[in-house]
Amino acid sequence: MTTITVQRPIKVREPRAAALAAQLFSTLLGWFERTGSARAERRERADRTTEAAAVRQYATHYASHDPRFAADLLAAADRHELTGAVVRATSPELAATQAARSVTDSLRSSRTS
């Protein structure tokens, strides 16, 4: 005959400060989340401003050669700064080049439509 031993655990009370610790930890995590979100938003806004300034500088460089293209770049920089479309680049010059290419591509597609 086989015998099975089943252990029944003894009920343990909840630690005295567990509810308080959980509440404090939850509050701390909420604070970290709010602070992190605000910091990320400020960083993204600064990135958009910097990128738009780089595109404006690129536009002033081409203003004497092609004023229409420069005007399109300036409008794109304004839109980029206001709408928050982020161009990821490693340098302002690369950001300006990428933005100029996207504007050129969008102008080409609007002319063919």
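Q: Contact means heavy atoms within 4.5 Å; on that reading, which residues of H1 meet which residues of H2?
A: In this predicted model, the H1 side of the contact consists of Arg48, Thr49, Glu51, Ala52, Val55, Arg56, Tyr58, Ala59 and Tyr62, and these meet Pro67, Phe69, Ala70, Leu73, Leu74, Ala77, Asp78, His80 and Glu81 in H2. Sorted by class, the contact of H1 with H2 has 11 nonpolar, two polar and five charged residues.

Q: What makes H1 and H2 roughly antiparallel?
A: The axes of the two helices come within 8 Å and cross at roughly 175°. Angles over 145 degrees count as roughly antiparallel, and H1 is therefore roughly antiparallel to H2.

Q: How many helices and strands does the protein have, and in what order do its elements run?
A: There are three helices and zero strands, and from the N terminus the elements read α-α-α.

Q: Why is Leu73 called buried?
A: Leu73, which has its place in helix H2, has a relative accessible area of 0%. Buried means under 20%, so Leu73 is buried. The C-alpha atom of Leu73 lies 9.7 Å from that of Arg101, although the two residues are 28 apart in sequence.

Q: How do you know whether Arg56 is buried, exposed or partly exposed?
A: The relative accessible area of Arg56, a residue of helix H1, is 25%. Partly exposed covers the range between the 20% limit for buried and the 50% limit for exposed, and Arg56 therefore counts as partly exposed.

Q: Which residues does Arg56 touch, not counting residues up to four places away in sequence?
A: Arg56 touches Leu74, Ala77, Asp78 and Glu81. Arg56 and Ala77 are 21 residues apart along the chain, while their C-alpha atoms are separated by 6.4 Å. With the same exclusion of residues up to four places away, Ala77 in turn touches Ala52, Val55 and Arg56.

Q: What makes the aromatic pair of Tyr62 and Phe69 edge-to-face?
A: The rings of Tyr62 and Phe69 are 6.1 Å apart centre to centre, with 85° between the planes. Ring centres within 6.5 Å make a pair and planes over 60 degrees apart make it edge-to-face, so the Tyr62 and Phe69 pair is edge-to-face. The structure holds three aromatic pairs, and ring pairs link Tyr58, Tyr62 and Phe69 into a cluster.

Q: Why do Tyr62 and Phe69 fall on opposite sides of the limit for buried?
A: Phe69 has a relative accessible area of 18%, which is under the 20% limit, so Phe69 is buried. Tyr62, at 29% relative accessibility, counts as partly exposed, because that value lies between 20% and 50%.

Q: What share of the residues of the protein counts as buried, and what share of the contacts with a separation of 6 or more joins residues 24 or more positions apart?
A: Of the 113 residues, 18% count as buried. Among contacts with a separation of 6 or more, 62% are between residues 24 or more positions apart.

Note on methods
Residues numbered from 1 in each chain as written. Predicted model: local features only at pLDDT ≥ 70, side-chain atom pairs only at ≥ 80, totals over all residues. Heavy atoms only, no water. Phe/Tyr/Trp six-rings, centres within 6.5 Å; stacked < 30°, edge-to-face > 60°. Buried < 20%, exposed > 50% of the residue type's maximum accessible area, 1.4 Å probe, protein only. Contact = heavy atoms within 4.5 Å. Axes fitted to C-alpha atoms, helices over the stretch in contact; angles between N-to-C directions. Helix = DSSP H or I, 4+ residues; strand = E, 2+ residues; numbered from the N terminus. Parallel < 35°, antiparallel > 145°, perpendicular 65-115°, else oblique. Nonpolar A, V, L, I, M, F, W, Y, C, P; charged D, E, K, R; others polar.
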